[in-house]
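Q: Can you walk me through how to read a fold like this one, feature by feature?

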Amino acid sequence: MAVTFSDLHTESGLKSLNDFLTGKSYISGDKLTKDDIKVYAAVLKNPGDSFPNVSQCFPGKAVGVSLAGKADPAQSAEAKSPAADDDDDDLDLFGDETEEDKKAAEEREAAKKSAKKKESGKSSVLMDVKPWDDETDMKQLEEAVRSVEMPGLLWGASKLVAVGYGIKKLQIMLTIVDDLVSVDTLIEEYLTVEPRNEYIQSCDIVAFNKI
């Protein structure tokens, strides 16, 4: 009877597999089959001592081995028994992909993407945005800055700071996801080009801190 394992990239899924393997060495029967390969392909990594029954089926650390001598090809062919052919059938790694194989592959890919997102760092940036002169409408300047939207960019608090001769600059906070947003690109390709350069003369980074 077919056995179903779900969510093997999660703790609950690993616990279910660990309980199933209690007192067993293989998924089906008493030897390695394609079922074992399929199940362990869905487990992202060795879970360690938390799930010992699952962990024991992962290979240990190799110490290195060398083989001396070379068998005659004809003798090797004769030595191969029908039983070995059966084993080859069980371990057919190039068989047709089933719906279960596809689902397991999708779950692994989703888990990898989720892990990558969690690992992606963030930075807090303080930026000075300078107008052309004292006649520049600072409210429209700020609206032009905040109109820039992209994944991984979040505009924060802002204030006007006097520069001199009646001119003020906009000082604004922003948070970025490092893998998604480049501050240099933000300034050179979004803030200081048309149509925003009607209000913005230049931008300077005052502070840049990893979160």
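Below we go through cores, a helix face and a pocket.

Q: What should I know before I start?
A: This is a predicted model, where local features need pLDDT of at least 70, side-chain atom pairs count only at pLDDT 80 or more, and totals for chains, interfaces and linings use all residues. Residues are numbered from 1 along each chain as its sequence is written, and side-chain values use heavy atoms, with hydrogens and water left out.

Q: Which residues have the most contacts inside the largest nonpolar core?
A: The general idea: in soluble globular proteins, nonpolar side chains tend to be buried together. A nonpolar core here is a set of buried Ala, Val, Leu, Ile, Met, Phe, Trp, Tyr and Cys residues joined through side-chain atoms within 4.5 Å; buried is under 20% relative accessible area, exposed over 50%, partly exposed in between (1.4 Å probe, protein chains only). The largest core has 23 residues, and Met127, Val129, Val145, Leu153, Leu186 and Leu191 have the most contacts inside it. At least two residues each come from β1 (122-131), α7 (138-146), β2 (153-164), β3 (167-177), α8 (183-191) and β4 (200-210), with helices (H or I, at least four residues) and strands (E, at least two) taken as DSSP runs numbered from the N terminus. There's also a second, separate core of 13 residues, including Leu8, Tyr40, Phe51 and Val54.

Q: What does Leu186 touch beyond its neighbours within four places in sequence?
A: Counting contact as heavy atoms within 4.5 Å, Leu186 meets Met127, Val148, Met150, Leu153, Trp155, Leu174 and Leu191.

Q: Where do the buried residues of α1 sit around its axis?
A: In α1 (residues 11-20), Gly13, Leu14, Leu17 and Asn18 are buried. Looking down the axis, these buried residues fall within an arc of 135°, so they line one face of the helix (the arc is that of the directions from the helix axis to the C-beta atoms). Exposed Glu11 and Ser12 are on the face turned away from that buried side. Among what covers the buried residues are α2 (34-41) and α3 (52-55).

Q: How many residues line the largest pocket?
A: Rolling a probe the size of a water molecule over the atoms shows where empty space is left. On a 1 Å grid over the protein atoms alone, using a 1.4 Å probe, a pocket is an open set of points with protein on both sides within 12 Å along at least five of seven lines, and lining residues have an atom within 4 Å of a point. Here 20 residues line the largest pocket, with Val3, Thr4, Phe5, Lys38 and Glu100 nearest its centre. The largest share, five residues, comes from α6.
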